[in-house]
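Good morning, and thank you for coming.

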Amino acid sequence: MILARHADSMLWAGRYLERADTIARCVSVETNAVMHRPPTEARLASRRLVQALGLQDEFVAAQVGTGPYAVMDFLVSDETNPGSVVSSVQSVRENLRIVRDRIPVELWEEANSLHILMQSAKAVSSGAREQTGGEVSRMSVITARRGCRSLSGVMTESMMRDEGYAFMEVGRLLERSTLTVELLKSGLGTGGDVFDGNRLLAFTHSLQAARREIGHSPKWAAVARFLLQHADLPRSVLWCLGRVEQRLEDLAAAAGAVAMPRRRAGALRAHLEYGELDGLLAAAPDAELSELGTSLATLATDVHASTVSGSGQVEVHAQFVRPGDGGGAAS
Amino acid sequence: MADFRRPDAEFAAYDEAFDRDGSVRPLYAAIVDRFSNFDAAELRRREGIIEEEFRRQGITFTVYGDSQGTERTWPMDLFPRLITAAEWREIERGLAQRVTALNRFLADVYTGEGAAMADGVVPAWLVQSSDGFERNAFGISVPHDAHCVIAGIDLVRDAQGQYRVLEDNLRNPSGISYVIENRAAMTRAFPLVWEDHTVEPVSQYGRMLRTALESVAPAGSGDKPLIVILTPGIYNSAYFEHAFLAREMGVELVEGPDLVVDEHVVYLRTIEGLVPVDVIYRRIDDTFLDPVSFRPDSTLGVPGLLGAIRAGTVTVANAVGNGVADDKAIHPYVTDLIRYYLGEEPILGNVETYVMWEPDQRAAAFERLDELVIKPVGESGGYGIVIGRDATEEELANARAEIEADPRNWVVQEVVELSTLASMCDDVLEPRHLDLRPFVITGERTQVFPGGLTRVAMRKGSLIVNSSQGGGSKDTWVLAPGTNSGAAELAGEPSMDAAGQESAR
């Protein structure tokens with residue numbers, strides 16, 4: 001048995017955990033890639049990342065400075081940016097705090113420790129960002145990535161496989177799928193950018209695996225197939241949807257409140273597994289990826305709705321939902 | 001070597017660890033010896049371990065309106081408080097006696113004949129004018145008459161070393177989670193100090209409380225009643241404790257909107273649908289409990305909850321209306337209530353208290369207000385207290401005027417020179433004043449949890465121990481019978497005595 005409100009918090013804790021991990025990884029990849037290039041190029045690359053992560057509105061609102069590392073700081077340590085790493089970590093902590101009584105003590109302690117570390121790094125960085133050449137944000141990225149890995153490990157090894165775990169895992173996998181699709185879209189090369197398949201694979205933590213499967217200089221279509229359809233890659237959308245479907249089946253057996261999202265996850269998984277995806281991606285990749293993004297957002301909305309459908313409307317804490325993200329509780 | 005500062009010879013307070021001549025009391029000999037082997041840097045290092053551990057675990061409390069931020073790490077002093085087995089036996093008996101009488105009083109007020117009022121033990125007008133007196137609770141009975149399932153009784157030790165009751169907390173006493181976390185922290189930071197002592201464990205609280213809550217479930221709840229803890233939410237000062245207790249008991253931690261009442265039955269909103277609830281351990285005040293019956297603007301409570309309680313489909317612990325029994329104005333009468341209901345002499349005496357609505361007592365108190373402690377009956381957490389000897393003439397004049405304007409709202413107590421115990425202050429272990437809040441659990445029977453929360457005023461000379469006002473805490477050891485240090489109780493420690501000086505007739 002799980003409270004509707006707790007289910008919602010677990011779902012969002014999972015989403016924010018994945019979001020913090022992915023953004024930290026992307027920033028790390030991006031900064032390493034341009035480390036030996038002029039600072040202006042670093043800034044341009046970071047701007048592309050802002051777009052890929054769907055944070056343009058927040059970027060404009062934050063009135064980010066013109067320094068070469070200002071964009072990186074915006075993505076990593078800016079608390080006014082609800083999509084930054086530090087904000088996402090804080091949201092993981094806040095959501096887990098709500099369910100503190102039902103999760104393993106170690107999971108809460110890891111989340112709390114990561115939050116404290118990120119906050120102390122932020123305090124240092126506030127006066128010295130430009131002077132340190134983005135070093136504080138770089139260190140924060142390393143801290144966040146380690147912390148997220150640790151949280152994932154504790155989650156996997158010590159959590160009871162109950163409804164709470166199922167919602168948390170569904171949240172993570174849906175966020176991962178959504179971000180993978182968004183990053184793939186950004187890699188289409190619009191705006192005159194040159195497609196860099198390796199960077200895209202590194203963003204999604206798939207580079208090492210891809211080298212064995214599709215070589216060192218893959219074309220966009222090969223990267224897209226790999227990230228969308230690979231059955232054994234935990235970062236691929238197909239793999240994620242297969243797990244989402246399983247978790248929703250578990251939930252249906254326990255609670256029976258997730259029939260709609262379960263059907264939708266199944267249909268979407270089948271489309272990726274058996275549909276004519278190659279042809280669709282070749283003919284209109286942007287449209288197909290947009291369609292996929294919309295379907296994932298709808299699925300996320302359905303899952304969120306299922307947390308309250310069993311018992312009527314319940315007040316849930318406002319969460320940050322990026323454009324096209326789904327969720328139903330946008331602030 | 002750690003530097004233990006002995007209490008000043010002219011100091012009036014009883015020191016727990018050192019005798020008047022500066023020699024170590026036998027009870028504390030082993031622990032003082034242990035600590036003497038640590039130098040200040042080592043003690044600071046261990047202090048750091050505890051603080052870091054509390055911070056990492058998020059063992060916090062909230063100070064409302066605090067400019068430093070909402071969450072503050074729980075403050076714990078390194079040097080533990082020790083209580084002998086024999087001392088504890090007496091405290092235990094005294095507390096069980098007191099809480100039993102208070103539960104009888106609550107049953108008398110709300111479901112009985114009001115006998116204590118009719119027989120003049122407590123003035124009826126005083127009961128009816130109490131802020132904690134709740135007319136809505138009339139006629140609502142509680143299984144086993146356990147109106148107060150969880151009580152926290154604040155004890156102090158006077159200059160002679162006698163334990164006395166300073167206050168009763170019968171609504172939502174907090175602090176038990178810190179008792180358990182203090183012990184865990186002490187175990188981590190000083191793994192070897194346990195070699196010299198056998199100490200009563202404190203890890204059983206969750207089981208004890210759950211058993212008590214199960215025992216007050218409404219008839220027909222089945223073998224495994226559904227228990228929940230109702231919290232105001234993550235911004236409440238004691239949220240850590242609420243989550244801690246839910247985890248320790250293995251029950252759901254819910255907020256008002258998680259519950260709904262339909263046809264006088266309380267349900268939990270789950271993803272499976274609505275599930276009926278049997279027992280609610282509420283950690284919100286009466287006035288916020290049900291917007292239909294109490295404050296209509298409350299968003300923390302559950303509309304219709306009082307109707308469900310009255311229908312007997314759910315038990316709420318602690319019961320509605322307990323505030324009448326822990327009203328500071330009722331406190332002076334509790335020893336008489338013990339005699340009245342139980343026919344026994346009180347084992348624990350009150351701190352001597354004067355009631356301001358009695359003209360003689362008021363006049364006597366006004367003559368030496370600068371020697372007394374002035375307390376508003378409606379405040380808690382140490383707020384609103386005026387300590388006469390520290391107050392200016394203007395503050396005393398204001399207090400006099402306020403008492404005269406509303407005598408019902410004030411009590412005046414003799415200053416109790418709270419006992420002191422060595423506490424870590426700027427690299428030395430100096431005597432600081434402390435109190436003790438033991439917890440008493442009532443279900444089918446009344447049990448006293450070993451030890452309790454020792455709160456310590458970290459400022460030199462201060463008598464205010466509340467954590468919201470800069471107080472700290474200490475791990476509290478009740479020694480097991482027959483241990484080496486436990487035997488020290490036979491070597492001249494003061495024993496419990498019958499009730500001290502009561503007043504307010």
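Predicted model: local features only at pLDDT ≥ 70, side-chain atom pairs only at ≥ 80, totals over all residues.

In strand β10 of chain B, Val265(B) is the bridge partner of Asp262(B). Residues are numbered from 1 along each chain as its sequence is written, chains are lettered from A and ligands numbered from 1 in the order in which they are written, and side-chain values use heavy atoms, with hydrogens and water left out.

Strands here are DSSP runs of E with at least two residues, helices are runs of H or I with at least four, and both are numbered from the N terminus. Two strands pair if DSSP finds at least two bridges between them. β9(B) and β10(B), the latter covering residues 265–270, pair in the antiparallel sense over four bridges.

Which strands make up the sheet, and in what order? The open sheet has three strands, in the order β9-β10-β11 of chain B, with antiparallel pairing. β9 (259–262) and β11 (273–276) of chain B each have a single partner strand, so one side of each is left without a neighbour in the sheet.

I turn now to the aromatic rings. Rings of Phe, Tyr and Trp (its six-membered ring) pair if their centres lie within 6.5 Å; planes under 30 degrees apart count as stacked, over 60 as edge-to-face and the rest as tilted. Over all chains, the search finds 19 aromatic pairs. One of them is the edge-to-face pair of Phe4(B) and Phe79(B), at 5.5 Å centre to centre with 75° between the planes. Phe4(B) lies in strand β1 and Phe79(B) in strand β4 of chain B, 75 residues apart.

Are these two residues buried or exposed? Buried means under 20% relative accessible area, exposed over 50%, and partly exposed in between, with a 1.4 Å probe and protein chains only. Phe4(B) counts as buried because its relative accessibility is 7%, and Phe79(B) is buried at 0%.

The rings of Phe38(B) and Phe190(B) have centres 5.6 Å apart and planes at 55°, so this pair is tilted. The two residues are 152 residues apart, each in a loop between helices, and both are buried.

To close, ring pairs link Phe4(B), Phe18(B), Tyr28(B), Phe35(B), Phe38(B), Phe79(B) and Phe190(B) into a cluster.
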